[in-house]
Amino acid sequence: MKAYEVNFDGLVGLTHHYAGLSFGNVASTSNQSAVSNPKLAAQQGLLKMKALSDMGFKQGVLPPQERPHIPVLRQLGFSGSDEQILANVAKQAPKLLSAVSSASSMWTANAATMSPSVDTADGRAHFTAANLNNKFHRAIEADTTSATLRAMFNNEQYFAHHDALPQQSVMGDEGAANHNRLCSEYGAKGVEVFVYGRQAYGGQVEPTRYPARQTLEASQAVARLHGLSEKQTVFVQQNPEVIDQGVFHNDVIAVSNGNVLFHHDQAFLNQTAAFDEIKQKLSLQQTEFISIQVPTEQVSVQDAVSTYLFNSQLLTKSNGKMMLVVPEESRQNTNVWNYLTELISSNGPIDEVKVFDLRESMRNGGGPACLRQRVVLTEAELQAVTPQVLMNDELFNTLNTWVERFYRDRLLEADLADPQLLNENRQALDELTQILALGSIYPFQQ
């Protein structure tokens, strides 16, 4: 069956700032308290979306969330008007204000896990919003994420939605950042590879320095919710040693597309056994598994983390070859760029590298892969998606004008207490939901 991969990129929010909230994410913590530029961040993301759309790749947009998130502050005991709450929390708990103001929903690889209809038991495309419960500032995203996905993919004939898993560490779920799908082509049955950092019940090995955010138990629950058979799933543990070097998600050390897995040689624990299982299960679909393994001798884990070589998009071009979308930081690193130069001349599946400037997102810990949620859709399913969220010339121009009107070009943590920033955010999002035809998805609209 003919199907397409549509990448839904997150629009950077108006409160994009550098707070160092994500322990285990080296870029996030090392740029704490730097001056951010929300306007430039949003524009950089839009340029990537438009460029890929112009190349013929199908591209959609996911909106940012309401920040600062006043409802959770009320839940935590702050009261009075919104302005009074902002003033009080800024005085009493400034780090809490930073957390509830995070624009982290921009990294939509963490929004949900998606399984295409060809893989699922009921023949519908399934979405499970991620609970992201390892980080407070991300755990508050789940409700709005669910509302947004239900508004965009709102035809029950084609789409099934599941609420986030219980907000408890045993069920830590980080969404598609720890999920890969391998297949001969997008419309064919695939093998879904769930990567976890630790096993909550009975696990023997886990990192010691940084947290393992994804559990095996959460991955298994998502697979059950999506109606995936045992023949279509592989569960593999991430190497705890690389988590302790800053590889907080699988998509910092590996990326897949079609039947290709592009990964570092230290990415997985018990890699040989895991790859044998992938090969065996793909062979049931008459599909060859291709592993492109990057050796430590050429690219160290430190180089991979600092450049986000693997936090890249791997896309199938019209000629059947693949293009790797990397951030500018990958070009600036001699080891990484030398490797990529060899890779594209090796006559393998990947024959092109496309570089984008995503500096604002990168400094906060997210590269090209973090910014997008991959959604495989048949033609009928694509037609059932809210059409206003799909990128084209008109939407690109409209969103750029919207960004120019509402976004600031300089933001510090101290600015988050400004009640005008909250008003700007709400006014902007109210207008954005009209542009994208999403209805009332935010708390302030209820």
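Okay, some ground rules. Because we're looking at a predicted model, local features need pLDDT of at least 70 and side-chain atom pairs count only at pLDDT 80 or more, while totals for chains, interfaces and linings use all residues. Residues are numbered from 1 along each chain as its sequence is written, and side-chain values use heavy atoms, with hydrogens and water left out.

Let's start with helices. When I say helix or strand, I mean a DSSP run (H or I, at least four residues, for helices; E, at least two, for strands), numbered from the N terminus. Two packed helices are described by the angle between their axes and the distance between the axes. The axes are lines fitted to C-alpha atoms, for helices over the stretch in contact, and the angles run from 0 to 180 degrees between N-to-C directions.

Find helix α17, residues 419-435. Helix α16, residues 393-406, packs on α17 at about 170°, with the axes 10 Å apart. So α16 and α17 are roughly antiparallel; the labels are under 35 degrees for roughly parallel, over 145 for roughly antiparallel, 65 to 115 for roughly perpendicular, and oblique for the rest. Their crossing is right-handed, meaning the near helix is turned clockwise from the far one by less than a right angle, with anticlockwise giving left-handed. Who touches whom? On the α16 side we have Leu 395, Trp 402 and Phe 406 among others, and on the α17 side the list includes Ala 428, Leu 432 and Ile 435; contact here means heavy atoms within 4.5 Å. The residues of that contact divide into eight nonpolar, two polar and three charged. For those classes, Ala, Val, Leu, Ile, Met, Phe, Trp, Tyr, Cys and Pro are nonpolar, Asp, Glu, Lys and Arg are charged, and the others, Gly among them, are polar.

Helix α17 also meets α4, residues 82-92, at about 125° with axes 9 Å apart. That makes α4 oblique to α17. Asp 82, Glu 83 and Leu 86 of α4 meet Pro 419, Leu 422 and Arg 426 of α17. By class, that's three nonpolar, no polar and three charged residues.

On a 1 Å grid over the protein atoms alone, a cavity is a set of points where a 1.4 Å probe fits but cannot get out, and a pocket is an open set with protein on both sides within 12 Å along at least five of seven lines; lining residues have an atom within 4 Å of a point. Points are joined across faces, edges and corners, and a volume is the space filled by probe spheres set on them.

The largest pocket has a volume of about 560 Å³. It's lined by 22 residues, with Lys 2, Ala 3, Tyr 186, Thr 316 and Lys 317 nearest its centre. Strand β1 (3-10) gives the largest share of that lining, four residues.

There are 10 cavities of 30 Å³ or more, and the largest cavity is about 280 Å³. Among its 23 lining residues, Glu 5, His 179, Asn 180, Arg 181 and Arg 374 lie nearest the centre. The lining is 10 nonpolar, eight polar and five charged.

Last, the backbone. Arg 67 and Pro 68 are joined by a cis peptide bond, omega about -5°, and Pro 68 sits in the loop between β2 and α3. Gln 286 isn't a glycine, but it has a positive phi of about 55°.
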